[in-house]
Amino acid sequence: MARVDALGQFSARDQDAILVRGDCRMLRVMNAVKPCRPTRHHHPLRSTLLLSCLALLAALALAGCQRSGALPLRLTNLSGHMPNLSFSLTDDQGKAVTASDYLGKVVLLYFGYTHCPDVCPLTLAHLHVVMQRLGPLADGARILFVSVDPARDTPEILHSYVTAFDPRAVGLTGSPRALERLSKDYRAAFSREPDQANGDYEVSHSAGVYIFDAQGRARVLASPAASQDDIVHDLHLLISQEAKP
Amino acid sequence: MTRTRTSGIASIMRARVWPLAAACLLVGLLPCAAAQATAAQQVHATQAWIRVLPGALPAGAYVTLRNDGDQPVQLTGAKSSSYAQAMLHQSSMSGGMSHMSGIGSLAIPAHGQVVLAPAGYHLMLMHAIAPVVPGTRVRLTLEFSDGSSLPVEFLARPANAIGPDSH
Ligand SMILES: [Cu+2]
């Protein structure tokens, strides 16, 4: 059974099990097992307590469902399954940044490396088209390209790389430990392949794009097979939801 | 060939062919006889483009190769005076992870085609000799297992291009 911590988030160990199930149903089940049990003695105070307990549960379940269900998102739903965006890295201007610097923007998080000439540029080129299709709304989003190759990806190289794709793309690098921690948060493993004779090497890396809402909550995952239409659709919802209240 | 036929016409033809053959021998090792076409002769390249990345970063080259011959051919790699190294590569996905690895050769079936396109087969171009400017053309010489080679002009395109054509 999945565990829920104080913030209502699933522990990392349970994410795999939960990812394949309907989240609202799961939330109700989880809330139901919380210690709010009726007793045999119908003490008036107890009854009031029980009622407010039930009301709280209903509210919690509703809130959980509204968070993930109110928006008809098309990509793989991540709501409640993955931790909020959190990192402490260096951006492509050489400035120390944390996830809170991007609060207020919908974030598209992608792990890659600049010496990757095929899949990484393809993904970033697709995201550029997505941003173009969003028009003025695109300013409500940022593409965060996180390097999985800090040995070669200096802020300078990252800067020329990401700006070649889209003005709203930011390159992030940092200590191997900080990068590993961030990638582990989203189970986006990466590994360096053996060096070739000339010292060049490739890095295998997770291929999906993780999309966070403007509050830094993980919302959807765009797999490499995801259609551009679906990505535009979901970003449109997430960005305009932010613009409304 | 007419060698096995002994009609009068064949004799005349043979008489005409001999001086021609002799001329060829004089010129050198010209392929006089209708020898089997080389891979380079039967393969046609279209949609050839390179995604240029900033600075000294490696680039991916893509092309569609059609084989009009009756025999399959093997692409083994490429050479270019614009890059120090060109490698035949394949990107693949497994378990949500993206990998890239070198392949020794790529078969193009008889009367068939092979597409080198992003996220699949590509030529990885390393260490440009001089900066490659988007909009210009770069010649790559494709190499086949029979030793033949095919020069192809690749269009250099910007990093955020999706394919060979601007749109
Ligand atoms: Cu490659």
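The structure is a predicted model, in which local features need pLDDT of at least 70, side-chain atom pairs count only at pLDDT 80 or more, and totals for chains, interfaces and linings use all residues. Residues are numbered from 1 along each chain as its sequence is written, chains are lettered from A and ligands numbered from 1 in the order in which they are written, and side-chain values use heavy atoms, with hydrogens and water left out.

Chain B contains two helices and 10 strands; helices (H or I, at least four residues) and strands (E, at least two) are DSSP runs, numbered from the N terminus. Along the sequence the order of these elements is α-α-β-β-β-β-β-β-β-β-β-β. Of the 167 residues in chain B, 39% are buried. Here buried means under 20% relative accessible area, exposed means over 50%, and partly exposed lies in between (1.4 Å probe, protein chains only). Among the contacts in chain B with a separation of 6 or more, 64% join residues 24 or more positions apart, a contact being heavy atoms within 4.5 Å.

The copper ion has three protein donors in chain B: ND1 of His89(B), SD of Met100(B) and NE2 of His122(B), which lie 2.2 Å from the ion. Donors are N, O and S atoms within 2.8 Å of the metal (3.2 Å for Na, K and Ca), and because water is not among the atoms, sites may look incomplete. The spacing of the donor residues in sequence is H-x10-M-x21-H. Two of them link distant parts of the chain, as Met100(B) belongs to strand β5 (residues 97–102) and His122(B), 22 residues apart from it, to strand β8 (residues 121–128). Met100(B) counts as buried because its relative accessibility is 10%. His122(B) is also buried, with a relative accessible area of 0%.

The contact between the two chains involves 29 residues from chain B and 31 residues from chain A. Together the chains bury about 2,200 Å², of which 66% is on carbon and sulfur atoms; buried area is the accessible area (1.4 Å probe) that two parts lose on being put together, summed over both. On the side of chain B that touches chain A, β2 (59–67), β4 (83–94), β5 and β8 each supply at least two residues. The residues of this side comprise 17 nonpolar, 11 polar and one charged. In this grouping Ala, Val, Leu, Ile, Met, Phe, Trp, Tyr, Cys and Pro are nonpolar, Asp, Glu, Lys and Arg are charged, and the others, Gly among them, are polar.

His127(B) is placed in strand β8 and is partly exposed, at a relative accessible area of 41%.

In chain A, Ser175(A) occupies the loop between β6 (169–173) and α6 (176–185). Ser175(A) is partly exposed, at 38% relative accessibility. Its C-alpha atom is separated by 30 Å from that of Asn77(A), a residue 98 residues apart along the chain.
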